[in-house]
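Here's a quick briefing for anyone opening this model for the first time. Have a look at it, then read on.

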Amino acid sequence: MLEECGLAYRVHKINIGTNSEQFAPEYLKINPNGKIPGIVDPNGPDGEPYAMMESGAILVYLAGKTGRFLPASLRGKYDALQWLMFQMGGVGPMFGQAHHFMRAKKDEIPYGSERYGNEAKRLYGVMERQLAANEFLSGKEYTIADIATYPWVARHEWHRVDLAQFPNVKRWYDAVGSRPAVVRGMAVPT
Ligand SMILES: N[C@@H](CCC(=O)N[C@@H](CS)C(=O)NCC(=O)O)C(=O)O
């Protein structure tokens, strides 16, 4: 989103693998939930620094700040917010759980892999139907819903989904992934 909007930013890498950096008192002031991402806008709503957690809220904030990627029409706006929340409540947590059971555990727990792997595939089915009828997730426009969802679909191999089975998701994935700002954003922080 920062790349798409051409906003200047500084990246602070937080290693969530050691179970410590995300819980450091300084970081908890930015994200009290101890998770990534978190941002600090030095020029917040009142001109003072403003810290934020929760990627969906951050995207809505940046869309409001820049006037980009959240349609102005009420229908377009609420369509985009629905699909943003679909990511926040479905794609993010379910794919994340699939990764936990399929990748992070030393000894794979088949029940967890099956449960979250099946749920991931079901969510791809929902996106497939939506993208068969629409160019982007919430309609004709590229929005913060697409920006939020793309990085999770970029990990389809981790949750063992073959994009060949979801041709419209694949078409959308290739189109979003070819945007220069997305290429730059996906290369952060390395
Ligand atoms: N709903 C949150 C989810 C944040 C989240 O779960 N972040 C994960 C990485 S994808 C994390 O920081 N995990 C580290 C931990 O739980 O200790 C958002 O969208 O910002």
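At roughly what angle do the axes of helix α6 and helix α7 cross? They cross at roughly 105° and come within 11 Å. This is a predicted model, where local features need pLDDT of at least 70, side-chain atom pairs count only at pLDDT 80 or more, and totals for chains, interfaces and linings use all residues. Residues are numbered from 1 along each chain as its sequence is written, and side-chain values use heavy atoms, with hydrogens and water left out.

**The helix pair**
- Helix α6 covers residues 144-153 and helix α7 covers residues 167-177 (helices are DSSP runs of H or I, at least four residues, numbered from the N terminus).
- α6 and α7 are therefore roughly perpendicular to each other (that label covers angles of 65 to 115 degrees, taken between N-to-C directions of lines fitted to C-alpha atoms over the stretch in contact, on a scale from 0 to 180 degrees).
- On the α6 side, the contact (heavy atoms within 4.5 Å) is made by Asp146, Thr149, Tyr150 and Val153.
- α7 brings Val169, Trp172, Tyr173, Val176 and Gly177 to that contact.

**The ligand**
- Around the ligand sit Ile16, Gln22, Phe23, Lys35, Ile36, Pro37, Glu54, Ser55 and Met88 (each has a heavy atom within 4 Å of it).
- For lysine 35, a polar side-chain atom is 2.5 Å from an oxygen atom of the ligand.

Note on methods:
A polar contact is a pair of N or O atoms within 3.5 Å; within protein, one must be able to donate a hydrogen and the other to accept it, and residues adjacent in sequence count only if both atoms are side-chain atoms. Helices (H or I, at least four residues) and strands (E, at least two) are DSSP runs, numbered from the N terminus. Angles under 35 degrees count as roughly parallel, over 145 as roughly antiparallel, 65 to 115 as roughly perpendicular and the rest as oblique.
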